[in-house]
Amino acid sequence: MNKTNFSIIGNKKTKKSVEKAASVIFTICAFFGVLAVFSISIYMVVSGTPAIFEVGLKEIIFGTVWRPNAADPSYGILYVILTSIVGTFMAIIIGVPIGVMTAIFLAETAPKPLAAIVKPAVELLAGIPSVIYGLLGVLILNPFMYKLELAIFKDSPDHQFTGGSNLLSAVIVLAIMILPTVINISESAIRAVQKDYKHSSLALGATHIQTIFRVILPAAKSGIVTAIVLGVGRAIGEAMAISLVAGNGANIPLPFNSVRFLTTAVVSEMSYATDTHKRVLFTIGLILFMFIVLINLILNKVMKGGNKDAK
Amino acid sequence: MKKILKGTSFFVVMFLLVGLLAACGSDKKDDNSNKSNNKTETDKLSGTLTMSGSTSMEKLANIAIEAFMIEYPDVVASAEFVGSSAGVEQVIAGAVDIGNASRNLKDSEKEAGAVENIVAIDGIAVIVDKANTVADLTKDQLIAVYTGTINNWSELGGLNQPIVVVGREAGSGTRGAFEEILDIEEEVIYSNEINSTGGVMAKVASTPGAIGYVSLDILDDTVVAVKLEGVEATADNIKAGSYFLSRPFVMATAGEISEQGEVVLAFFEFLKSAEGKELIASVGLIAAD
């Protein structure tokens, strides 16, 4: 008898216990993730809600003045929420067309040697730490933006000059940062479109470009929407890079204003915050968390819709 | 090999002990029996000292604990830099011995049991980029710049270029001190709120027409510190009281210093000694009396 034999020829008893042990281990591992999400959710709600009762939900969400350390403090983050929404939206507007076109290029039109350059470059883009994006933004984008700002607002003395740290800089950085996500997921969506569609379209006399825009893209729609939603998730959750380029003033999100995102609001003030100020920062975190949950719900819906289409 | 190390360490310990005895001479209370060095029945201090708090106090804290550990080799001291408020929070919670704060303690913190021990005074320097031609600002001009009533350097006798107002994030000790001293706590309009001293310097250095403020001790030659009311930002001027932008560096303890363990007691005594004052001066601060 071979006691250590786990294979199918092992005796029935060993086999059974091994099976059982393995499945228990798998279950425990699976619950780590659930546990983490569960505890984070509870923690965010528990630590994010006290300030809502203290300050008032309306004052926080619809207030426009952020002066947490004043004698009569106000904790309005309307502009911060708007900045996150507007900034993310603008980044999507810029990043998605570029990303989807790149995906089409990689999946459909690229000559092999060129694809061999673009593909690794995109992959590398995904691996660059966000702080590097931020640094490059500070060194290259901000001085350029400042020149633009000086030229545009030459005759408007009321404009507060930001030295190039503005919404536009942040949006450009974000747009670049979401590119890899959008490109990779769109590309696999485009590649997953059944070849029959393409061949049928070409056989009917449509050109390659017509086929791409009329047949392949509509067929890959749900995958591309998934890419966009994930891009939104990446953009709204990004903190490090934009904290370096956005200027962090809690202002209305206009292109040349110094602006503050939900993430940077938490990151930049957490270390020195006390009392109510700190609790409000947790509330901001909770709001951000809810945004992320919302995005994930949308994502789930989109993916389910996509599966139905496939069937 | 091990034996050699043991022998060497014994000599090192003996050497330091002799130095210590010569240096202090005075008796120190010692409840700790030194089990590691059972050969010596001296007034040797051992234990741990932990501090946590303001990033502005990083230089001071590091140099102080380093020198303290040379003075008392059996003491293991460590410092973390998590921000003034977090540091005070930790000392109240009992997580550390000393909480560093680069501002006066708040009433809520004092009520929670933290005691304010001012060990040094820090000056805040107002900085501009190197190409700026304005070298002197009055208090009123500084207030006007930071509250947005003056937004071009030409109004201050400089070039015709807009002023980019750079500052620290809400909650920062430097910002709190700056706004409090100028009495403009609810009126400052920043175009850039940066969450580190180095970040402020970098932004000011790289932006023509920028103005910012940083601790005096971290000042370097990438930026220019302007005179305030004709007074240069130097330690001597702060001590003399002629430079108005200065703030206290607090090492908070949970309860009075006299209630602390002997290591903490020794640390504060060390800071008050001539050597400690020299250290404080060496990082650009003014020792408190």
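**Entry 1: two domains of chain B**

I began inside chain B and looked at where its domains meet: 15 residues of domain 1 are in contact with 14 residues of domain 2. I sorted the domain 1 side of that meeting place by class and found 6 nonpolar, 6 polar and 3 charged residues. A reminder to myself: this is a predicted model.

Next I looked up the bounds. In the domain assignment of chain B, domain 1 comes in two pieces, 47-121 and 247-287, while domain 2 runs over 123-246. I then took the centres of these two domains over C-alpha atoms, and they are 27 Å apart.

**Entry 2: chain A against chain B**

How many residues does each chain bring to the contact? I noted 24 residues from chain A and 30 residues from chain B. On the chain A side, the elements giving two or more residues are α12 (262-269) and α13 (275-310). By class, that side of chain A has 8 nonpolar, 13 polar and 3 charged residues.

**Entry 3: a closer look at B:Glu185**

I picked B:Glu185, which I found in the loop between α6 (173-182) and β8 (192-194) of chain B. Is B:Glu185 buried, exposed or partly exposed? It has 15 other C-beta atoms within 10 Å, so I wrote down partly exposed.

I also listed its contacts, setting aside neighbours within four places in sequence: B:Glu185 touches A:Ala70 and A:Ala71 in chain A, plus B:Glu179 and B:Glu180 in its own chain. Last, I checked B:Glu185 against B:Ala114: they are 71 residues apart in sequence, and 25 Å lie between their C-alpha atoms.

Terms used: Residues numbered from 1 in each chain as written. Chains lettered and ligands numbered in written order. Predicted model: local features only at pLDDT ≥ 70, side-chain atom pairs only at ≥ 80, totals over all residues. Contact = placed C-beta atoms within 7 Å. Helix = DSSP H or I, 4+ residues; strand = E, 2+ residues; numbered from the N terminus. Nonpolar A, V, L, I, M, F, W, Y, C, P; charged D, E, K, R; others polar. Buried ≥ 20, exposed ≤ 12 C-beta atoms within 10 Å, placed from the backbone. Domains from an automatic or database assignment.
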